[in-house]
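This report goes through selected features of the structure shown below, from sheets and helices to ring contacts and single residues.

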Amino acid sequence: MPKILTIRDIEKCVGCGLCMYACARRLPKKPFIGYDHSGILSVSLSGFERGATIIVCRACPDPPCSQVCPTSALTPKKGGGVTYKEKLCTGCGNCIDACTISAIFMRDDGKVALCVHCGYCAKYCPHGVLEFKDVKEMEEGF
Amino acid sequence: MDEHNFERKNILHINLSDYTYFVEERDDLAEYIGGVGVGVKLLQENLKPDADPLGEENVIIFSTGPFTPAYPFASKTVALFKSPLTGNLGESHAGGRSATSITSAGYDAIVIKGKSEKPVYLVIENNRVHFKDARVLWGIEDSLITGRIIAEKEGGRGIRSIMRIGGAGERLVRYACVMTETYRHFGRLGLGAVFGSKLLKAIVVIGRKDRKPVKLKEYREVYDEIFKKAVESDVMQKYHLIGTPVNILPLNELQSLPTRNLESGYFERAEEISGEAFAETLLARRIACNHCPTACIHISALKWPFEEEAYFYKTIMISYDYELIYALGSMLGIGNKEEILKLIYKVEMYGLDAMSTGVVLAWATEALRRGIVGERDTLVPLQFGDFRSYFKAIEYIYLQPNEFYKNIAKGAEYASDIYGGKDFALTFGKNEMAGYHTGEGAYIGYLIGLRHSHLDNAGYSVDQKMKDEIEPENLVDKLVKEEIWRQVLSSLVVCFFARGLYTPELISKAFVPLGIELKEDELINVGERIYREKIKVKKSMGFKIKHLRIPEKIFKVRNFRGELNRDYIERALKYFEKKYM
């Protein structure tokens, strides 16, 4: 059963950014210190006291980003969202323009960072804002 | 920035006098770790000890540590400068996103020199500094508005830090602060006035640089260990629940909560302004510094009716902490939560240090009562408990409409030089006191503490834990030992609130994935080295034990251990001078 990352309760976000650091750390053989490799970004509504927005891939079943990728670095995956083959990415930025919710980020090295729904960040969200759950469960929820 | 070399320091130098900058790579600073250790070396190199704190020659250092942003709680930046309030070493720490933004922009420290011809704000990015025209922003007294304007105009949403001053910094109030991310401050000792003197309104720092750990597996393991301890154990509990104001009631119980300019250590309305009371009715949100799971920033929602229209309200979000409730509450005899929040709001708006503001106003109130100043000076009938007068007086500290307010804008020490009333001017080393009348330990701590804030020393906690009397010499040794340790913490730089978690063992372990070997006992050596360097800087700026003044008033107020003893404090100071100076 495929799983995706979802926002369970945005109003609980305290703006700590632990999800961003977790995302950058997610690969055991290539962990990064910082957030350049993070595919998730929490921003405030003019100060976190007014609330937060978490900008992250929402796992579209028909993802526009993959449709504009000239090298097939981004390909749709079962359950929604995309897989990212970094090696194939030329850094053209088409996907960044195509993503309606601006959830793909340009990295310092010219490649992109985006959520591939691995769920690693959810383990580090201290306040239950993020949830990694079965796609089926989501559908039943609707 | 070398992505693997955590010992190399990238120092960004900015000169406001000719709008230039350069980056310097330093391999010789590793023995000072980072943060305050590296900062104090940079200060020595770049600042003449006799510099005028508000002159072009003063220097501002922002310094971060090697644990930022590798580990949780390493969220703080250390600012070092010459303080316009005390004329000596100024040190102030702030969180928010300041530290993570500076390191992500690729710098370990920033050195700002000179003075701009016209108001500017800086946008600091990786390898680039923009000097931006701030003439239009100059004169905006509300630091919250300044923050919003810059936030709208500049990029880096979610990853930037916006440090700025309010009107108090522009008008050189000697205890003006620099605000970052709205609720965190380089609070004490007047960094805001130093910004103001340089015509520097704000600094935006944006960056996306990251680094690779040297040992991959170990990095994730140590990270997980810290994270688990933070969220599963109770080491952070005090800050997790009610927050720092949880101290109001216990300190009041010990007759140690300074009340009405320390007329007493007991405030009869403490229940009403306790952390519990705030949490119950006004606590509305909790927010975090970047990379901190605890989220200790307690935000209240104050429903504030429009003055002239019924059924219209402003809802103002105001952060509160123990020190603010003490300084703008009990110290001014104010026992109403909403009124305290309104005073905090006013102080935040102009960008003042809350502690100094409260203590200065408490002195002014007593000065008026004793008749050494008149109402023509104070302009409002200052009286303990009178919210309206204080609300107006805070505005006057910013505006400085007459000589009296010009004088109190320079601090209680300065004002009492002019008007008298030294006995009840509650300053230590010219800095207004923190909220702990716990005993000799706290006051000795204020006097010998290298940062002149309560946070560098354990005075108030030693006082409370002391079962039997200890000799003043032992007490000084204890305070210095703790302060030496805190030099290590503030070089990493981890939040002091996480000091229970960052034990020497854990710190040593956390260095390994960064390719740095520092054994537990070496850490203490580093702390001692930094401590000695700071003493040197202080002495070069004229710090002398014989200049220290102990306000008579503290000996007249009993607390849980009875009356304080002047001889005890003097003996301690003598010993400190001999052994550590």
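## Sheets in chain B

Three strands of chain B make an open sheet in the order β13-β14-β15, and their pairing is antiparallel. The model described here is predicted. At the edges of this sheet are β13 (283–287) and β15 (313–320) of chain B, each of which pairs on one side only. From one strand to the next, the twist averages 30°. Strand β14 (residues 297–305) of chain B is joined to β15(B) by 8 bridges in the antiparallel sense. Within this pairing, W304(B) is found opposite K314(B) in β15(B). Helix α11 (residues 337–350) of chain B packs on the sheet and touches β14 and β15 of chain B. The direction of α11(B) makes about 80° with that of β15(B).

Another open sheet in chain B has 6 strands, in the order β8-β7-β12-β9-β10-β11, with mixed pairing. Its edge strands are β8 (128–133) and β11 (184–186) of chain B, and each pairs on one side only. Here the twist averages 20° from one strand to the next. Strands β7 (residues 120–125) and β12 (residues 200–205) of chain B run parallel and are joined by 5 bridges. V123(B) has V204(B) of β12(B) opposite to it. Lying across β7, β9 (161–164), β10 (178–180) and β12 of chain B is helix α3 (residues 143–153) of chain B. Helix α3(B) runs at about 140° to β9(B).

## A covered helix

How many residues of helix α17 (residues 440–448) of chain B are buried? The count is 9 of its 9 residues, and the helix is mostly covered. The buried residues of α17(B) are E440(B), G441(B), A442(B), Y443(B), I444(B), G445(B), Y446(B), L447(B) and I448(B). The cover over these residues includes β16 (427–428), α18 (459–465), α19 (472–492) and α22 of chain B.

## Aromatic rings

Over all chains, the model has 30 aromatic pairs. Two of them are set out here.

| Ring pair | Distance between centres | Angle between planes | Type |
|---|---|---|---|
| F62(B) and F195(B) | 6.4 Å | 80° | edge-to-face |
| Y531(B) and Y580(B) | 6.4 Å | 75° | edge-to-face |

F62(B) belongs to strand β3 (residues 60–63) of chain B and F195(B) to helix α5 (residues 191–197) of chain B, so their pair ties together parts that are 133 residues apart in sequence. Both F62(B) and F195(B) are buried. The second pair joins two helices: Y531(B) is in α21 (residues 520–540) of chain B and Y580(B) in α22 (residues 566–580) of chain B, so parts 49 residues apart in sequence are tied together. Y531(B) and Y580(B) are buried too.

Ring pairs also link residues of chains A and B into a cluster. From chain A it takes in Y120(A) and Y124(A). From chain B come F67(B), Y71(B), Y219(B), Y223(B), F227(B), Y502(B) and F511(B).

Charged side chains meet rings as well. R486(B) places its charged end over the ring of F496(B), 5.7 Å from the ring centre. For K538(B), the charged end sits over the ring of F543(B), at 4.3 Å from the centre.

## H240 of chain B

H240(B) is part of helix α7 (residues 237–240) of chain B. Which residues does H240(B) contact, leaving aside its neighbours within four places in sequence? They are H127(A), R286(B) and T294(B). H298(B) is 58 residues from H240(B) along the chain, and their C-alpha atoms are separated by 9.6 Å.

## Chain A as a whole

Chain A contains 4 helices and 8 strands. Along the sequence they follow the pattern β-α-β-β-α-β-β-α-β-β-β-α. The C-alpha trace of chain A spans about 40 × 35 × 30 Å along its principal axes. Of the 142 residues in chain A, 54% count as buried. Among contacts in chain A between residues at least 6 apart in sequence, 55% join residues at least 24 apart.

Conventions
Residues numbered from 1 in each chain as written. Chains lettered and ligands numbered in written order. Predicted model: local features only at pLDDT ≥ 70, side-chain atom pairs only at ≥ 80, totals over all residues. Heavy atoms only, no water. Pairing = 2+ DSSP bridges. Axes fitted to C-alpha atoms, helices over the stretch in contact; angles between N-to-C directions. Contact = heavy atoms within 4.5 Å. Phe/Tyr/Trp six-rings, centres within 6.5 Å; stacked < 30°, edge-to-face > 60°. Buried < 20%, exposed > 50% of the residue type's maximum accessible area, 1.4 Å probe, protein only. Lys NZ or Arg CZ within 6 Å of the ring centre and 35° of its normal.
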